[in-house]
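Here is a short note to read beside the model. Keep the sequence open and find each residue as it comes up.

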Amino acid sequence: MTSAPSGSLSVSSATPQEWALVRSWAAEEGWNPGLSDVPAFFAQDPAGFFLGRVDGEPVSAISVVNYDDSYAFLGFYLVRPELRGLGHGLATWRAALAHAGGRAVGLDGVPAQQDNYRRSGFTTAYRTARYVGEVPAPERPVVGVVAAGQIDPAALAAYDAVCHHADRPRFLSTWLATPGHRALARVTDGRLTGYGVVRPAQDEARVGPLFADTPADAAALLDGLAAEAREFGATRIAVDMPEANPAAARLAQDRGLEPTFETARMYTGPVRPVARERVFGVTTLELG
């Protein structure tokens, strides 16, 4: 076990290689990080990932990823357990938030930290629950569900923009193409009516996003994604569903998924509206 450092804290940017350590911290916290998330995360904003170091040794982490001139998202707020309560987390938080400038910042906060976030100017918008379980793979291909690679990338980006607080083409192009990620689209009468991604993770396969016009579209995509997960050896999935869309919880219950833990989506200011009725599963709790 690494001994506790004794010097003062310094906060600086992290590289993708260094972020592998932070991913392991997230796994130890039970956050079930995706196995190949880092390239897509850094594609969006490579300057948005920070490590706090004492005597050169990483002790804390945070990401503040800028999406455009108006919106940023905060995630990966972590301090090594044996060094909590020493002020390292707050110092890292303050240094990294400067990266957002005047942007409104969003986050998904665990209950234990929500009061702290409120004191930092965040306001709760709604809760999100992680649903976990085994979805039986369909016996035959799901009608109307195709590989996302068959869809015009511009159409996928336009659909995604309706469901997210900022356009994110850099992130999306990498997220859809990351090795191991399986992306599906729903097409109804020749029209795109949703898309979703499933990826290998530390524990259950993670579904996200799950965006769809209707509950029927979302159900078809979820069934297809469950089948894709089985292709890479996962029988259980996890999807973070916002209470702002009540149909999401009904879909989870219909498929036998159980809620495990919840977070609160919080913002520091006004954000671009989204089509909440289309958001059946958020992309990630780390980047929104």
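Which residue forms a salt bridge with Asp 115?

1. Arg 118 forms the salt bridge with Asp 115, and the closest N and O atoms are 2.7 Å apart. A salt bridge here is a side-chain nitrogen of Lys or Arg within 4 Å of a carboxyl oxygen of Asp or Glu. Both residues lie in helix H4, 3 residues apart, about one turn of the helix. Helices (H or I, at least four residues) and strands (E, at least two) are DSSP runs, numbered from the N terminus. Asp 115 is partly exposed, with a relative accessible area of 47%. Arg 118 is partly exposed too, at 40%. The cut-offs are these: buried is under 20% relative accessible area, exposed is over 50%, and partly exposed is in between (1.4 Å probe, protein chains only).

2. **What kind of model this is.** The model is predicted, so local features need pLDDT of at least 70, side-chain atom pairs count only at pLDDT 80 or more, and totals for chains, interfaces and linings use all residues. Residues are numbered from 1 along each chain as its sequence is written, and side-chain values use heavy atoms, with hydrogens and water left out.

3. **Other salt bridges.** The structure holds 20 salt bridges. In one of them, Arg 80 meets Glu 82 at 2.6 Å, N to O. Arg 80 is buried at 8% relative accessibility, whereas Glu 82 is partly exposed at 38%.

4. **A bridge across the chain.** Glu 286 forms a salt bridge with Arg 206, with the closest N and O atoms 3.7 Å apart. This pair links distant parts of the chain: Glu 286 is in the segment after strand E13 (279–281), Arg 206 is in strand E10 (residues 205–212), and 80 residues separate them. Both Glu 286 and Arg 206 are buried. They belong to a network of salt bridges that also links Arg 130 and Asp 240.

5. **Asn 32.** Is Asn 32 buried or exposed? Asn 32 counts as buried, at 2% relative accessibility. Its place is the loop between helix H1 (16–28) and helix H2 (38–44). The side chain of Asn 32 reaches the backbone nitrogen of Asp 203 at 2.5 Å. A polar atom of that side chain also lies 2.9 Å from the backbone oxygen of Glu 204. Residues up to four places away in sequence aside, Asn 32 touches several others, including Arg 130 and Arg 206. Contact means heavy atoms within 4.5 Å.

6. **Aromatic pairs.** Rings of Phe, Tyr and Trp (its six-membered ring) pair if their centres lie within 6.5 Å; planes under 30 degrees apart count as stacked, over 60 as edge-to-face and the rest as tilted. By this rule there are 13 aromatic pairs. Trp 93 and Tyr 117 form a stacked pair, 5.4 Å centre to centre with 10° between the planes. The pair links distant parts of the chain, with Trp 93 in helix H3 (residues 88–97) and Tyr 117 in helix H4 (residues 114–119), 24 residues apart. Trp 93 is buried at 5%, and Tyr 117 is buried at 7%. Elsewhere, ring pairs link Trp 19, Phe 41, Phe 42, Phe 49, Phe 76, Phe 171 and Trp 175 into a cluster.

7. **Nonpolar cores.** A nonpolar core is a set of buried Ala, Val, Leu, Ile, Met, Phe, Trp, Tyr and Cys residues joined through side-chain atoms within 4.5 Å. The largest core has 39 residues, and Trp 19, Phe 41 and Phe 49 are among those that touch the most other members. Another core, of 28 residues, lies apart from it and includes Tyr 131 and Leu 210.

8. **Strands.** Two strands pair if DSSP finds at least two bridges between them. Strand E7 (residues 145–147) and strand E8 (residues 182–188) pair in the antiparallel sense over 3 bridges. Val 146 stands opposite Ala 185 in E8. E8 also pairs with strand E9 (residues 191–199), antiparallel over 7 bridges. E8 and E9 form a hairpin with 2 residues between them, and Asp 189 in the turn has a positive phi of about 50°.

Technical notes:
A polar contact is a pair of N or O atoms within 3.5 Å; within protein, one must be able to donate a hydrogen and the other to accept it, and residues adjacent in sequence count only if both atoms are side-chain atoms.
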